[in-house]
Amino acid sequence: MIKVQNLSRAFGDFKAVDDISFEVAAGEIFAFLGPNGAGKTTTIRMLTTLLPPTSGSIQMDGMDPERHQHEVRSRFGIVFQDPSLDQDLTAAENMDLHGVLYHVPRRIRRERSETLLKAFELWERRASPVKTFSGGMRRRLEIARGLLHTPRILFLDEPTLGLDPQSRNQLWSHVQHLNKTEGVTVFLTTHYMDEADRVATRIAVIDHGKIVAIGSSQELKALTQTESLEAAFLKLTGTAIRDETAGAADRMRQAAAMWRRR
Amino acid sequence: MSAVYILWLRELKRYTRSRTQIIASLAQPLLYLLVLGFGLGPVFRLSGNGNYLQFMAPGVIAMTVLFASMFSGIGLLWDRQFGFLKETLVAPVPRIQIMFGRTCGSATTALLQGMLVAIVCVVAGFRPLSLVQIPAAIGFLALTAIVFAAAGTAIGSSLKDMQGFQMVMNFLVLPLFFLSGALYPLDNLPKALVVLTHIDPMTYGVDGMRAVLINRTHFGATMDALVLVGAGAVLTVVGAWRFSKIEI
């Protein structure tokens, strides 16, 4: 479903992603793990047509994101790290808007919207504005929306950030369920190792722009001779803390955290 | 084209749902109208210029449109990091359609806000010379809205963080307003001010409004309309270009 070969992306002299290759098979739940600044988001941006690679090739469902931008876009759904719902609109309106933007015919839009809102336990609240939703509900709505146009691949970039254990648990149950029923391939990033351990069929660990290990949770533990995925992760990536320079988006995130009503 | 329509509709829905915001945004024009209108009225009359409220009301209405459309455009900065805009930028829709839908939405809501303030002006005592000219006035208001919604889109697409927002407010939006002749006549100004007022597109919006509403004009309504259409076209192209460069 996703095939990446010798992919690199440099920003000036800095190599954010350095010659990585991996494949994700259809129907897999693939976790992409790495410390801050390891190159996770840069890779996702390249896969999702938002950033052209410096070199290397990407095939998304057999297509190059650079050359077939719109075709690739209609084949994936994405949940960003930062919220991207319209808070003043209702859940149903957010779904509907997405459907129009993805050219989903009206009737199918209605039906699928209903199915997904019910699956994510949001149907009762479909007519409420999103600003009245809890963090977990918003995340669920974003995932439901990302699936509305029946994508082949679903990208989840740290979808459980800031959620309580209950919401996290519930969210992954939903994702696993949809993965089974719809056969959608899931590509996720997270900082919670227990989540990756629980849901992912395969895991890639990326550090300093290079993939340092790839395999199932069992394989990674065996490779590093550790008991838990967290220990394996730390052994693979070291214990040094990555102090990234805060960019404009980080500054805005801080301001947003101050103003956000939760 | 359904993308353009649905994004335009989205802006409209958001506007009509934010009742408190609508009321709050009436405060500033009201302040100008009442404090300056009644405060400077006697001086204005003594200088032989007639009724100040009549003179400044078109300016205050145009100001509302300027502020509303610029803000909505600059709000794009927030919207693209923490809002719905981000979602639209990965949709299989050409960017130009997204930019167009959003900018038209901004312009429409700004126009509605301007018309609301126009009603407030009439309540405060403003009287247009003839009702026949109202559609022409709305036309000028719409042109002004498009010019500054496009400018706002260009700026909002280029800004990197919220600090830039304050800069734009203090060094662009307020000067655009104060240099537009909304509050004072353009006759007998110092040379520097003549140059600045003439390059401010807002000047032509205000002058056009005055031309049709109180039959008092510096450039003539045709000239005003031509300049606004020209500025609108240029800024829309610039806005579309800046918008196409947004990275997320």
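Over chain B the mean pLDDT is 91, and 100% of the residues reach 70 or more. The model scores ipTM 0.86 and pTM 0.88.

A word on the ground rules. This is a predicted model, in which local features need pLDDT of at least 70 and side-chain atom pairs count only at pLDDT 80 or more, while totals for chains, interfaces and linings use all residues. Residues are numbered from 1 along each chain as its sequence is written, and chains are lettered from A and ligands numbered from 1 in the order in which they are written. When I say helix or strand, I mean DSSP runs numbered from the N terminus: H or I with at least four residues for helices, E with at least two for strands.

Now to the core. A nonpolar core here is a set of buried Ala, Val, Leu, Ile, Met, Phe, Trp, Tyr and Cys residues joined through C-beta atoms within 7 Å. Buried stands for 20 or more other C-beta atoms within 10 Å of a residue's own, exposed for 12 or fewer, and partly exposed for anything in between, with C-beta atoms placed from the backbone. The largest such core has 138 residues, and B:Val60, B:Ala62 and B:Leu66 have the most contacts inside it. Helix H3 (residues 52–74) of chain B gives the most to this core, namely 16 residues.

What does B:Ala62 touch? Contact means C-beta atoms, placed from the backbone, within 7 Å. Not counting residues up to four places away in sequence, B:Ala62 touches B:Leu141, B:Thr144, B:Ala182, B:Met202, B:Gly205, B:Val206 and B:Met209.

Let's follow one of those partners. B:Leu141 sits in helix H7 of chain B. Is B:Leu141 buried or exposed? It is buried, because 26 other C-beta atoms lie within 10 Å. Leaving aside neighbours within four places in sequence, its contacts are B:Ile61, B:Ala62, B:Val65, B:Leu111, B:Gly114 and B:Met209. B:Leu141 and B:Ile61 are 80 residues apart along the chain, and their C-alpha atoms are separated by 8.3 Å.

B:Gln133 is in the loop between H6 and helix H7 (134–158) of chain B. It counts as partly exposed because 18 other C-beta atoms lie within 10 Å. Beyond four places in sequence, B:Gln133 touches B:Pro128, B:Val212 and B:Leu213.

Next, a helix pair in chain B. H2 (residues 19–46) and H6 (residues 95–124) pack at an angle of about 40°, with axes 10 Å apart. The crossing of H2(B) and H6(B) is right-handed, a label for the near helix being turned clockwise from the far one by less than a right angle, with anticlockwise giving left-handed. The contact residues divide into 10 nonpolar, 2 polar and no charged. In those classes, Ala, Val, Leu, Ile, Met, Phe, Trp, Tyr, Cys and Pro count as nonpolar, Asp, Glu, Lys and Arg as charged, and the others, Gly among them, as polar.

How many residues of chain A are in contact with chain B? There are 25, and they meet 23 residues of chain B. On the chain A side, the elements that give two or more residues are helices H2 (69–75), H3 (91–101) and H10 (248–259). H10(A) has the largest share, 6 residues. By class, this side has 15 nonpolar, 5 polar and 5 charged residues.

Most residues other than glycine have a negative phi. A:Asp19, in strand S2 (residues 14–24), has a positive phi near 55°. A:Asp19 is partly exposed, because it has 14 C-beta neighbours inside 10 Å. A:Thr49 also has a positive phi, about 70°, and is in the loop between helix H1 (40–47) and strand S4 (55–60) of chain A. A:Thr49 counts as buried because it has 22 C-beta neighbours inside 10 Å. Thanks, everyone!

Definitions and conventions:
Two residues are in contact if their C-beta atoms, placed from the backbone, lie within 7 Å. Axes are lines fitted to C-alpha atoms, for helices over the stretch in contact, and angles run from 0 to 180 degrees between N-to-C directions. pLDDT is the predictor's confidence in each residue, from 0 to 100.
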